[in-house]
Amino acid sequence: MYSNSAIAAEKIVLKYGIFRESVSVEKLTKFAETGEVSPMLNLLLNQARQDPQTVRNVLTKEVNASPVVLDRLLNNPIGEFLVDQIGQTIHTPSSEANPQALRSALVLSANKDNKVSLIEIIQNYPTQEVYVEGERLVRTYDQLSLLAERLQNLLSWRE
């Protein structure tokens, strides 16, 4: 199991095509929770022609995931493939050590309430800076849903 890290993401570099802006995780979290958009984030979303409500919905949608089962699943070939796919959207600046960082963020996200959302993954990412490919957010949520489905299948099979 993973423990809470002293390092947690503080800044997100949000990328939409050619547009790239740094936003604090605090401001992105406030947007996800309340819908309040900071001027910088609003500018980025407008430039990228992204509907703020759609982005907010994708950030906050939750999937059910037991941290113990999630940890086991993430360390087998299916889980490694899904981590690789999600890592194309949420990653370290250099993409080095990204699978380990992403696994940690996923399990830490599930620890609190047996649920995972993209905003929680970003909040729990164990580096000070995390890059997010904005145009891939919807696909990444779909991949998280697939991961949750695999978890449910695994749990059903074991019963």
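**Helix H4 and its surroundings**

Trainee: Where do the axes of helix H4 (residues 67-74) and helix H6 (residues 98-113) run relative to each other?

Mentor: The two axes come within 9 Å and cross at roughly 165°. Axes here are lines fitted to C-alpha atoms, for helices over the stretch in contact, with angles from 0 to 180 degrees between N-to-C directions. Helices are DSSP runs (H or I, at least four residues), as are strands (E, at least two), numbered from the N terminus. This is a predicted model, in which local features need pLDDT of at least 70, side-chain atom pairs count only at pLDDT 80 or more, and totals for chains, interfaces and linings use all residues. Residues are numbered from 1 along each chain as its sequence is written, and side-chain values use heavy atoms, with hydrogens and water left out.

Trainee: Which orientation class do H4 and H6 fall into?

Mentor: H4 and H6 are therefore roughly antiparallel to each other; that class takes angles over 145 degrees, against under 35 for roughly parallel, 65 to 115 for roughly perpendicular and the rest for oblique.

Trainee: Which residues make the contact?

Mentor: H4 contributes Pro-67, Leu-70, Asp-71 and Leu-74, while H6 contributes Arg-103, Leu-106, Val-107, Ala-110 and Asn-111. Contact means heavy atoms within 4.5 Å.

Trainee: Is H4 enclosed or exposed?

Mentor: Six of its eight residues are buried, so H4 is largely enclosed by the rest of the structure. Buried means under 20% relative accessible area, exposed over 50% and partly exposed in between, with a 1.4 Å probe and protein chains only. The buried residues are Pro-67, Val-69, Leu-70, Asp-71, Leu-73 and Leu-74.

Trainee: Turning to Leu-147, what does it touch?

Mentor: Leaving aside residues up to four places away in sequence, Leu-147 touches Leu-70, Leu-73, Leu-74 and Leu-82. Leu-147 lies in helix H8 (residues 137-158) and, at 3% relative accessibility, counts as buried.

Trainee: And the whole chain: how many helices and strands does it have?

Mentor: The protein chain has eight helices and six strands, in the order β-β-α-α-α-β-α-α-β-α-β-α-β-α along the sequence. Its radius of gyration is 15 Å, close to the 15 Å that the globule rule gives for 159 residues, so the chain is as compact as a globular protein of that length. That radius is taken over C-alpha atoms, and the rule is 2.2 Å times the number of residues to the power 0.38.

Trainee: What share of the chain is buried?

Mentor: Of the 159 residues, 45% count as buried.
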